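Please read this short report alongside the sequence and the coordinates. It is written for a reader who wants the geometric criteria stated together with the values.

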Amino acid sequence: MTSAERSPELTHYICQTYVETKAGRNGQTGLKIAKQLEYSTASEAQNRAEREAQSKDCAGADAYMVTEDPASGEVGEPSFLVRLGKVPELDDF
């Protein structure tokens, strides 16, 4: 396949929210994904993350973008637009 025949990369804009999990035997709370919403633009994802982070049920929210190669299905590393509240460490992605 030549580069002219390659499909263009797809960009996905994601708002992902987190809730705290109950403390386990070690006494520490954790985070789990509550919602994962896709938008057509970066600003839509970021605006949603900002609104969600203000909710009393939300521990934190991320807005990020990832690119996908449609031919292989591979998805690149997230590029964060905004990280609000309690969110996982970058190593956890």
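The sections below take up the basis of the model, the sheet and helix, the salt bridges, and then a few individual residues.

## Basis of the model

This is a predicted model, in which local features need pLDDT of at least 70 and side-chain atom pairs count only at pLDDT 80 or more, while totals for chains, interfaces and linings use all residues. Residues are numbered from 1 along each chain as its sequence is written, and side-chain values use heavy atoms, with hydrogens and water left out.

## Sheet and helix

Helices and strands are taken here as DSSP runs numbered from the N terminus (H or I with at least four residues for helices, E with at least two for strands). An open sheet is built from 4 strands in the order β2-β1-β3-β4, with antiparallel pairing, where two strands are said to pair if DSSP finds at least two bridges between them. Because β2 and β4 stand at the edges with a single partner strand each, one side of each is left without a neighbour in the sheet. On average, neighbouring strands of this sheet are turned by 25 degrees against each other, direction ignored; axes are lines fitted to C-alpha atoms, for helices over the stretch in contact, and angles run from 0 to 180 degrees between N-to-C directions.

Strand β3, which covers residues 60-68, runs antiparallel to β4 and is joined to β4 by 6 bridges; Y64 has F80 in β4 as its bridge partner. Helix α1 packs on the sheet and touches β1, β2, β3 and β4, its direction making about 10 degrees with that of β1, where contact means heavy atoms within 4.5 Å.

## Salt bridges

A salt bridge is counted when a side-chain nitrogen of Lys or Arg lies within 4 Å of a carboxyl oxygen of Asp or Glu, and by this rule the count comes to 4 salt bridges. One of them joins K86 to E20, with the closest N and O atoms 2.9 Å apart. This pair links distant parts of the chain, since K86 belongs to the segment after β4 (79-85) and E20 to strand β1 (residues 10-21), the two being 66 residues apart. Relative accessible area is classed as buried when under 20%, exposed when over 50% and partly exposed in between, with a 1.4 Å probe and protein chains only. On this scale K86 is partly exposed at 46%, and E20 is partly exposed at 40%.

K35 and E52 also meet through their side chains in a salt bridge, at 3.2 Å from N to O. K35 lies in strand β2 (residues 30-39) and E52 in helix α1 (residues 42-53), so the pair ties together parts that are 17 residues apart in sequence. K35 counts as partly exposed at 36% relative accessibility, whereas E52 counts as buried at 11%. A salt bridge at 2.8 Å, N to O, is formed between the side chains of R48 and E52, both of which lie in helix α1, 4 residues apart, or about one turn of the helix. Through these shared partners, K35, R48 and E52 are joined into one network.

Which side chains does Q16 reach by polar contact? A polar contact is a pair of N or O atoms within 3.5 Å; within protein, one must be able to donate a hydrogen and the other to accept it, and residues adjacent in sequence count only if both atoms are side-chain atoms. The side chain of Q16 makes such contacts with the side chain of Y18 at 2.9 Å and with the side chain of Y64 at 3.1 Å. Q16 is placed in strand β1 and counts as buried, at 3% relative accessibility.

## Cysteines and M65

A search of the whole structure finds 0 disulfides, a disulfide being a pair of cysteine sulfur atoms within 2.5 Å. The closest cysteine sulfur to that of C15 is in C58, and at 7.9 Å the two are too far apart for a bond. C15 is buried with a relative accessible area of 0%, and C58 counts as buried at 13%.

M65, found in strand β3, is partly exposed with a relative accessible area of 25%. M65 and L81 are 16 residues apart in sequence, and their C-alpha atoms are 7.3 Å apart in space. Leaving aside neighbours within four places in sequence, M65 is in contact with T11, H12, Y13, E77, P78 and S79.
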